[in-house]
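Let's take a friendly walk through this model, one region at a time. Have the viewer open and follow along as each residue comes up.

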Amino acid sequence: MTKTKVGVVGYGTIGQRLADGVFLQKDMELVGVVDLAPTLAVRALFEKGMPYDLYLVDMDKKPEFDALGIPVKGSLVDLLQKVDVVLDSAPGGIGAKNKEIYDKYGVKAIFQGGEKNSVADVFFHGYANYEKGLNKRYLKLTSCNTTGLIRSVDCLDRAYGIDRVAITIIRRVADPGDYHRGLTNALQIDKAPSHQALDLMTIMPHVEATGILVHTPITHGHIITVVATGKQKITKEMALDAFRKHPRIRVVSIDEGFKGNASLFKYARDLGNPRGDMYEIALWEDSIVETGDSIMYAINIPQEAVTIPETMDGIRACMGMQQTGAEATAKTNEYLGIGKWKTCFKN
Ligand SMILES: NC(=O)c1ccc[n+]([C@@H]2O[C@H](COP(=O)([O-])OP(=O)(O)OC[C@H]3O[C@@H](n4cnc5c(N)ncnc54)[C@H](O)[C@@H]3O)[C@@H](O)[C@H]2O)c1
């Protein structure tokens with residue numbers, strides 16, 4: 001089997017997880033990761049015994065790494081000559097600049113949610129529009145919230161057809177370890193409609209969407225409430241049936257002990273998941289209610305890990321590794337071990 005060669009540019013919150021995700025895909029090879037400074041993530045990589053080769057954006061910085069004893073395999077340009085596709089997880093806006101280098105070396109690239117949509121040929125989601133990404137040069141992933149939101153709306157859309165959704169996003173203000181946003185103890189509201197609703201309409205133009213976003217001073221996950229109006233009335237049982245079949249949606253309940261975002265983060269740590277990550281979004285069974293012809297529900301978005309599976313799907317699409325979203329997402333799910341709980345518990 002010829003493996004697709006992948007590089008990760010920007011070894012931060014998302015980049016570390018992308019690297020781990022690629023490493024688990026048996027039909028891909030992680031050639032290396034790229035960063036520009038001996039950050040804590042790079043130091044942790046070194047302390048773990050350098051499971052991944054490290055390349056530098058700027059070789060003038062190499063003496064800083066030499067002084068710490070951190071081995072450097074080469075430059076970004078060296079890496080680009082060895083890979084088929086790059087996963088750009090540099091801070092928002094930097095990816096657009098990096099794209100000039102990817103262009104020069106003829107390497108495909110997948111950008112994360114912090115870049116403008118115009119950076120890529122296709123705004124991509126592994127379930128909702130996989131085929132649009134097939135063999136394309138540049139893809140851009142949806143943001144963490146939009147990735148999880150679309151999983152659930154696409155799930156109902158495929159099962160029953162969806163005309164309209166209205167969403168409320170209760171958004172974590174920073175990642176664990178971030179200090180630059182200050183220690184706020186307040187709620188902050190954004191101008192409506194939220195970008196996630198607009199993004200959903202870009203990927204799923206047949207669904208009308210709008211919504212409101214409120215920032216909260218927490219770090220372990222966002223919660224989104226969704227009101228979805230179907231082409232037919234969707235009952236709670238119909239919605240549950242579709243959600244339960246979706247590999248990347250974990251249906252949980254308050255009675256089990258999943259009281260909120262913190263319970264899910266702790267559960268992921270108890271499972272021994274690296275960094276307390278979860279690839280799945282959680283959907284509270286107890287949150288599903290019918291209102292008139294619409295259905296309402298709440299989902300938890302583990303923001304640091306949720307886009308990793310859809311990015312693996314993106315590699316599969318732009319490299320033409322599988323021709324359908326169904327085949328591609330199934331491969332990604334298999335290699336990431338997604339959906340283990342479905343075969344573990346009896347119900
Ligand atoms: N943090 C999240 O929860 C989250 C969720 C989904 C999507 N995203 C998106 O993922 C992308 C990365 O975000 P993040 O949170 O991982 O950022 P981060 O700040 O944690 O990591 C970025 C890394 O890129 C490195 N870097 C800086 N300039 C670089 C350059 N020119 N070339 C290569 N590397 C460079 C930094 O040193 C850092 O290690 C953004 O587009 C963001 O919007 C973030």
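Let's begin with methionine 50, which sits in the loop between α2 (40–47) and β3 (54–56); helices (H or I, at least four residues) and strands (E, at least two) are DSSP runs, numbered from the N terminus. Methionine 50 has a phi near 50 degrees, a positive value in a residue other than glycine. With 17% relative accessibility, methionine 50 counts as buried, where buried means under 20% relative accessible area, exposed over 50%, and partly exposed in between (1.4 Å probe, protein chains only).

A word on the ground rules: this is a predicted model, in which local features need pLDDT of at least 70 and side-chain atom pairs count only at pLDDT 80 or more, while totals for chains, interfaces and linings use all residues. Residues are numbered from 1 along each chain as its sequence is written, and side-chain values use heavy atoms, with hydrogens and water left out.

**Other loop residues**

Arginine 275 also has a positive phi, about 60 degrees, although it is not a glycine. You will find arginine 275 in the loop between α9 (261–270) and β14 (281–284), and at 29% relative accessibility it counts as partly exposed. Proline 193 lies in the loop between β10 (188–189) and α7 (195–203). The peptide bond that joins alanine 192 and proline 193 is cis, with omega about -5 degrees.

Is glycine 133 buried or exposed? Glycine 133 has 0% relative accessibility and so counts as buried; its place is the loop between β7 (122–124) and β8 (138–141). Aspartate 241 and alanine 159 are 82 residues apart along the chain, and their C-alpha atoms are separated by 9.4 Å. Aspartate 241 belongs to helix α8 (residues 236–245) and is partly exposed, with a relative accessible area of 39%.

**The sheet**

In which order do the 8 strands of the open sheet run? The order is β4-β3-β2-β1-β5-β6-β8-β7, and the pairing is parallel; two strands pair if DSSP finds at least two bridges between them. β4 (74–75) and β7 stand at the edges with a single partner strand each, so one side of each is left without a neighbour in the sheet.

Strand β1 (residues 4–9) has 5 of its 6 residues buried, so it is largely enclosed by the rest of the structure. Its parallel partner β2 (residues 28–35) is joined to β1 by 6 bridges, and β2 is mostly covered too, with 7 of its 8 residues buried. Within this pairing, threonine 4 stands opposite methionine 28 in β2, and valine 8 has valine 33 as its bridge partner. Elsewhere in the sheet, strand β5 (residues 85–88) and strand β6 (residues 108–111) pair in the parallel sense over 4 bridges. There, aspartate 88 stands opposite phenylalanine 111 in β6.

**Around the ligand**

Now to the ligand, which has 22 residues around it; Ile14, Asp35, Gly114, Arg172 and Asp175 come nearest. A residue is near a molecule or strand if one of its heavy atoms lies within 4 Å of it. The table gives polar contacts, each a pair of N or O atoms within 3.5 Å (within protein, one must be able to donate a hydrogen and the other to accept it, and residues adjacent in sequence count only if both atoms are side-chain atoms).

| Residue | Polar atom of the residue | Distance to an oxygen atom of the ligand |
|---|---|---|
| Isoleucine 14 | backbone | 2.8 Å |
| Aspartate 35 | side chain | 2.5 Å |
| Glutamine 303 | backbone | 3.4 Å |

The ligand has 850 Å² of accessible area on its own, and the protein covers 80% of that; accessible areas come from the Shrake-Rupley method with a 1.4 Å probe, and for residues only the protein chains shown count as cover.

What kinds of residue form the shell around the ligand? The shell divides into 9 nonpolar, 10 polar and 3 charged residues. Here Ala, Val, Leu, Ile, Met, Phe, Trp, Tyr, Cys and Pro count as nonpolar, Asp, Glu, Lys and Arg as charged, and the others, Gly among them, as polar. Helices α1 (13–24) and α5 (94–104) each supply at least two residues of the shell.
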